[in-house]
There are 2 protein chains.
Amino acid sequence: MPASASRGCERVQMEISERKKKILAAVVDEYIVTAEPVGSKALAEKAGLGCSSATIRNELAELVNMGYLEQPHTSAGRVPTALGYRMYVNELMQKQKLSLEETEELNSRLEKRLSELDNTISDVSRLASQLTNYPALALSSRSQVTIKRFDIIYVDANTFIIVVMLDNNTVRNKLVHLPVSVDEGMVKKLSTMFNASFTGISDSQITPVLINSTERAADDSLGLTSVIAAFAMEVLASEATPSTYVTGENRLLNQPEYRDPDKAHRLMSYLSSGGYILPPGEDLGDTNEVRVLIGPENIAEELKDSSVIVASYDAGDGTKGLIGVVGPTRMDYSVIASKLSFLAQGLSRRLGGGEAPVEGMHNKLIIKGDDSDKR
Amino acid sequence: MPASASRGCERVQMEISERKKKILAAVVDEYIVTAEPVGSKALAEKAGLGCSSATIRNELAELVNMGYLEQPHTSAGRVPTALGYRMYVNELMQKQKLSLEETEELNSRLEKRLSELDNTISDVSRLASQLTNYPALALSSRSQVTIKRFDIIYVDANTFIIVVMLDNNTVRNKLVHLPVSVDEGMVKKLSTMFNASFTGISDSQITPVLINSTERAADDSLGLTSVIAAFAMEVLASEATPSTYVTGENRLLNQPEYRDPDKAHRLMSYLSSGGYILPPGEDLGDTNEVRVLIGPENIAEELKDSSVIVASYDAGDGTKGLIGVVGPTRMDYSVIASKLSFLAQGLSRRLGGGEAPVEGMHNKLIIKGDDSDKR
DNA sequence: GTTAGCACTCATTTCTTTCGAGTGCTAATA
DNA sequence: TATTAGCACTCGAAAGAAATGAGTGCTAAC
């Protein structure tokens, strides 16, 4: 009796039978919707696996041994462990394809968001939160930013506008007000010089040496050069700093696992304080890949009993980012992953300059987990 | 026996005696910190009004009759009613002046926020929330926005940048990419024309007629004119639309009155959905005035059992706005009003162009309520 | 290998009881 | 006439006790 041999042991390694898989999947599926421990009887009835509750009880007991499930207390049903979710996400989960209607719905909403003004990423974060009913986060970062072009607009003797165009075609400007007078010729000269020596370089290359030599070359005794250089650095730095948006934190309160205000508050303030979600420094993952971090797989203490689902996008011009949600470990990974993946793909295209909406290709969904088992 | 004559009647109108005022104030003060009904004994001990608990009980009973206090149940202490708070705010409250250290602390933090990039108002909202530990809101609106200056930067035959400077010296830009080629001369010409006929006017004055005549005058067959005009309108419109920021919603969960997740959620999502806080269309109030809306005085159903404290600022150039917090009716009106007032004054100065920090004038605090009793 | 049956466990719900803070009233006091 | 000590009374909240029932593990029969 190979099965009973495992009884009483600590997390036995054994091949998981087909039936066990089915049962585990059924447990997770059920738990996702009810948030209550699921019992053998309910399983026997609902999930159509032709066997009685007693049999299922045996299987459940073994799944507990194997570490996929756990019991809150002796006389309760089973609840998936992090390992159980991992297995579910990696192998068992039936990958959700969005229906055509859903795709269209999503598309039109995405469209609407993107067409409006500037704040693309934060807007999409908002959208993600709405669609999933979980707090959403969006992160975007640029790798190597450089300036493509300088213009300095002479407004009056004491005022000018610096306009700077970056290599990804975003344009930034700043109005500068000086206590001293500048003549238009100087402004022209500076503009030329900056275009000559400050374009195509990253912020670390803007050194005091460079600034000094420019200043001398332009014969600038007023310190204009350093003002402009400072702005250039500021723009480059702010563009290179990854920005994170968290929206819809309050939706956490919808979830039964956050009924405790303290627990909810802890997580919410962690989120809005901009605490890191992914291991800092870790790369963003391949584009169009969805990653799932389940409970203890998260590094941040505050997230250890929540899950994170993120999809990465890549605008092609060096702008990469993530869009994701945070919620209880019990989340509908499948649907959420689909939706996020969709949004990420939409972002990739849209930011990348292409104007076409994400097409009806329901969606290719690549879900990847945190493979490194221990960390 | 004038006092006992009121016994048993419905909300009797009578002059409120000095001692009653003192007691009422003490009740509110105490309730603000404990959030628990306050009883006669505690009052007799703490607040130094030389009389026994029995006397106080009599007074309390009358204050209940007069509508300033209420009892959650027969054997509990007293809790201020909205009317009680109103009275407290209007007459009884001992107006808090910020200490010098506090002023300096606030100043340096405000300074820091304002000196950093663009997002002044949202940043100050964040600051307000931090300082008060309540959700904060900031609203800013401009009355009459006009464009002061147009510049069009020729990038290449298909690309140019529109730079627009508003009458309050903010600068906006947009990169335009065209499918057809434009020559530099045309760009120059358009720039001149726009400066001639589109400056100093509001968005409603940008009519199709005006656009058409400009287009004809510039001999523009490519539709450039309308692109630029559209951008101008967009900028004007977006600038004129009052923008609201709500930050720190999660701090609501600190408050015992929002321990119920549903209640908290209701309010939080109302706040982050951008629901109006002040009666829509109502003017923002005089500058440097702090307004308090207590419980039922709010018009939004969702706010009927919360209070709102807002201070208004005025940058002088037509930019006006509010900065405020939302919380339980039991809030420390006095301190919060001081802090908000401080921030508002800081904003007024800073946005108004003056560079000096708010000085050590601890602060003049004008608190005004919702005087119209019924609405 | 599966399943019906049954005793057992234990969180949850419901009902009681206890406890005490706080009241209102009365009668004595200043 | 205003204040106060004293006391019975009220009623929510906390603590304890009992009932409930979902779900289990195990055994023995199929």
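Helices (H or I, at least four residues) are DSSP runs numbered from the N terminus. The crossing of H8(A) and H9(A) is right-handed, a term used if the near helix is turned clockwise from the far one by less than a right angle. On the side of H8(A), the contact (heavy atoms within 4.5 Å) is made by Met186(A), Lys189(A), Leu190(A), Met193(A), Phe194(A) and Ser197(A), and on the side of H9(A) by Leu210(A), Thr214(A), Ala217(A) and Ala218(A). By class, this contact of H8(A) with H9(A) has seven nonpolar, two polar and one charged residues, with Ala, Val, Leu, Ile, Met, Phe, Trp, Tyr, Cys and Pro counted as nonpolar, Asp, Glu, Lys and Arg as charged, and the others, Gly among them, as polar.

Residues are numbered from 1 along each chain as its sequence is written, and chains are lettered from A and ligands numbered from 1 in the order in which they are written. As the model is predicted, local features need pLDDT of at least 70 and side-chain atom pairs count only at pLDDT 80 or more, while totals for chains, interfaces and linings use all residues; side-chain values use heavy atoms, with hydrogens and water left out.

Chain A can be laid on chain B with an RMSD of 0.2 Å by a turn of 180° and a shift of 0.1 Å along the axis, the superposition being by least squares on the C-alpha atoms of residues with pLDDT of at least 70 in both copies. That is the relation of a two-fold axis. Within chain A, the C-alpha nearest the axis belongs to Pro261(A), 3.2 Å from it. The copies meet through the same surface, because 100% of the interface residues of chain A are also interface residues in chain B.

Around DNA strand C there are 20 residues, of which Arg19(A), Ser52(A), Thr55(A), Ser75(A) and Ser40(B) come nearest; a residue is near a strand if one of its heavy atoms lies within 4 Å of it. Of the atoms of DNA strand C within 4 Å of the protein, 78% belong to sugar or phosphate and the rest to bases. Among the polar contacts (pairs of N or O atoms within 3.5 Å), an N or O atom in the side chain of Ser40(B) is 2.7 Å from a phosphate oxygen of DNA strand C. The largest share of the surface near DNA strand C, four residues, comes from H4(A).

Phosphate oxygens of DNA strand D lie 2.6 Å from a polar side-chain atom of Ser40(A) and 2.9 Å from one of Arg78(A), whereas a polar side-chain atom of Arg57(B) lies 3.1 Å from a base oxygen. Helix H4 (53-65) of chain A and helix H4 (53-65) of chain B are the elements that give two or more residues to the surface near DNA strand D, and H4(B) gives the most, with four residues.

Key: Polar contact = N/O pair within 3.5 Å; in protein donor to acceptor, adjacent residues only side chain to side chain.
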